[in-house]
2 protein chains.
Amino acid sequence: MRTLYHLPLSPFCRKVRLALGEKRLEFALAFEPAWEKMPEFMSLNPAGTVPVMIDEDGTVVIYSHVIIEYLEETYPGTNLIPAAAAERVEARRLAAWFDEKFHAEVTTRMLYEKMSRRHGGPRAVEASPSMASIREGMSYLRAHLDLIGALAEHRRWLAGDTLSIADLAAASHLSCLDYLGDVPWSQYEAAKEWYVRLKSRPSFRPLLNDIIPGMPPTRYYPLLDF
Amino acid sequence: MRTLYHLPLSPFCRKVRLALGEKRLEFALAFEPAWEKMPEFMSLNPAGTVPVMIDEDGTVVIYSHVIIEYLEETYPGTNLIPAAAAERVEARRLAAWFDEKFHAEVTTRMLYEKMSRRHGGPRAVEASPSMASIREGMSYLRAHLDLIGALAEHRRWLAGDTLSIADLAAASHLSCLDYLGDVPWSQYEAAKEWYVRLKSRPSFRPLLNDIIPGMPPTRYYPLLDF
């Protein structure tokens with residue numbers, strides 16, 4: 001069985017779960033507390049990061065963008081990177097934008113700050129969560145929601161006519177914040193309309209069923225009407 | 001003319017220069033002080049990062065790994081990502097290892113710390129360079145040199161039989177530190193032998209001719225015998 005080592009609130013793991021779902025590839029999820037650096041896991045991935053995927057033939061694939069390139073090349077059919085060169089560039093650019101810029105500006109400030117209080121991961125030893133940092137993250141989040149809205153008003157999906165890794169990357173980061181109830185959707189109608197379309201897809205359903213012990217999601221997290 | 005917006009001591013820009021050189025694609029270099037956020041440049045790349053490549057047909061390509069995937073798909077011939085699936089996974093994994101892990105553990109501590117004193121980029125406003133941070137970077141650097149040596153003793157190139165993005169990524173980060181004279185090559189024979197082979201390639205020559213005004217390279221930086 002194909003296996004994905006993951007953490008439920010890792011945007012990078014969520015992106016791979018969505019990609020596997022869109023491609024209708026079955027997989028088992030293995031919860032991996034990466035911060036514990038278990039020897040068996042470290043021998044799979046010396047970088048100690050999730051996601052790590054072991055494919056049916058035993059191929060070990062590491063890093064979310066590498067997993068997705070691998071899935072695209074190995075399992076054609078539903079493509080998450082468009083065919084034309086200019087569109088491939090745009091889809092990969094936007095995926096990197098969310099995985100690097102949104103991650104640095106928003107996810108680290110708003111999600112990791114809160115998570116560190118919860119499960120004593122490696123960040124718990126760093127400075128305690130700061131409200132100033134969370135507020136700063138929120139102001140960056142608003143700029144990203146504006147960008148998503150602007151893109152979604154001119155294109156069917158973020159990178160063009162078809163659903164792509166750009167949508168999956170953006171939605172993965174947002175869905176983690178949404179679990180905590182921290183996305184001010186009501187003020188961003190166009191971004192919300194785009195997110196509802198994603199949230200309605202079968203690939204999204206497993207993410208909406210995630211429940212982290214001792215840290216239930218906000219009430220509207222699994223709802224399509226919010 | 002194909003143009004690459006770059007900074008001379010950015011490992012990510014160097015990786016693209018090496019890729020273009022290996023593929024024998026001509027290009028003009030445009031120095032871009034990214035930290036000044038010039039409006040013309042920000043309209044090309046709202047993320048404000050280098051490298052940015054404008055191809056001959058006007059296609060704008062952003063982020064080093066996206067540029068290299070684009071070059072591989074658009075200009076086949078000399079391939080920097082191997083053909084077989086398992087080797088593609090390994091080459092991309094190691095490229096990401098150096099671009100993420102080496103970058104975070106070594107480059108940010110040893111290169112950016114020193115550069116911030118020089119040209120007053122955005123990092124200059126942060127805490128002043130700390131010797132503790134540089135020492136910490138050096139200890140990580142030693143672990144990475146051990147890894148490179150171990151890989152180079154079992155494989156012709158880092159990811160397998162052929163030169164790949166793994167070699168270009170590792171060499172790009174190391175060449176920036178080497179400019180400053182900060183790589184303890186003499187204690188890492190296997191890694192040094194691998195680096196000499198790379199340094200001897202025509203694609204590397206332009207990097208060895210880089211001279212940053214007011215900050216000349218260490219004496220042996222351009223030499224093949226060091």
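**Notes on the interface and its salt bridges**

1. Across the interface of chain B and chain A, 4 residue pairs are in polar contact, with both partners at pLDDT 80 or more. Please keep in mind that this is a predicted model. Three elements of chain B each give two or more residues to the side touching chain A: β4 (60-62), α3 (64-74) and α4 (85-119). The largest share, 9 residues, comes from α4(B). Sorted by class, this side of chain B has 12 nonpolar, 2 polar and 7 charged residues.

2. On extent, the contact takes 21 residues from chain A and 21 residues from chain B. Together the chains bury about 1,900 Å², with 68% of that on carbon and sulfur atoms. In chain B, the residues that lose the most area to chain A are Y63(B), V89(B) and R92(B), together 28% of what that side buries.

3. The same surface serves both: 100% of the contact residues of chain B recur in chain A.

4. Between chain B and chain A there are 4 salt bridges. One of the salt bridges joins the side chains of R88(A) and E73(B), at 2.8 Å from N to O.

5. Do look at R92(A), which sits in helix α4 of chain A. R92(A) is buried, at 4% relative accessible area. Leaving aside residues up to four places away in sequence, R92(A) touches E69(A), I81(A) and I165(A), plus V66(B), E69(B) and E73(B) from the other chain.

6. Within chain B, E69(B) and R92(B) form a salt bridge, their closest N and O atoms 2.8 Å apart. E69(B) lies in helix α3 and R92(B) in helix α4 of chain B, so the pair ties together parts 23 residues apart in sequence. Both residues are buried. Through shared partners, salt bridges join E69(A), R88(A), R92(A) and E73(B) into one network.

7. R14(B) forms a salt bridge with D210(B) at 3.2 Å, linking helix α1 of chain B to the segment after α8, 196 residues apart. R14(B) is buried at 0% relative accessibility, and D210(B) is buried at 11%. E105(A) and K101(A) pair at 2.9 Å, 4 residues apart in helix α4 of chain A, about one turn of the helix. Here E105(A) is buried at 14%, while K101(A) is partly exposed at 21%.

Key:
Residues numbered from 1 in each chain as written. Chains lettered and ligands numbered in written order. Predicted model: local features only at pLDDT ≥ 70, side-chain atom pairs only at ≥ 80, totals over all residues. Heavy atoms only, no water. Contact = heavy atoms within 4.5 Å. Buried area = accessible area lost by both parts, 1.4 Å probe. Polar contact = N/O pair within 3.5 Å; in protein donor to acceptor, adjacent residues only side chain to side chain. Nonpolar A, V, L, I, M, F, W, Y, C, P; charged D, E, K, R; others polar. Buried < 20%, exposed > 50% of the residue type's maximum accessible area, 1.4 Å probe, protein only.
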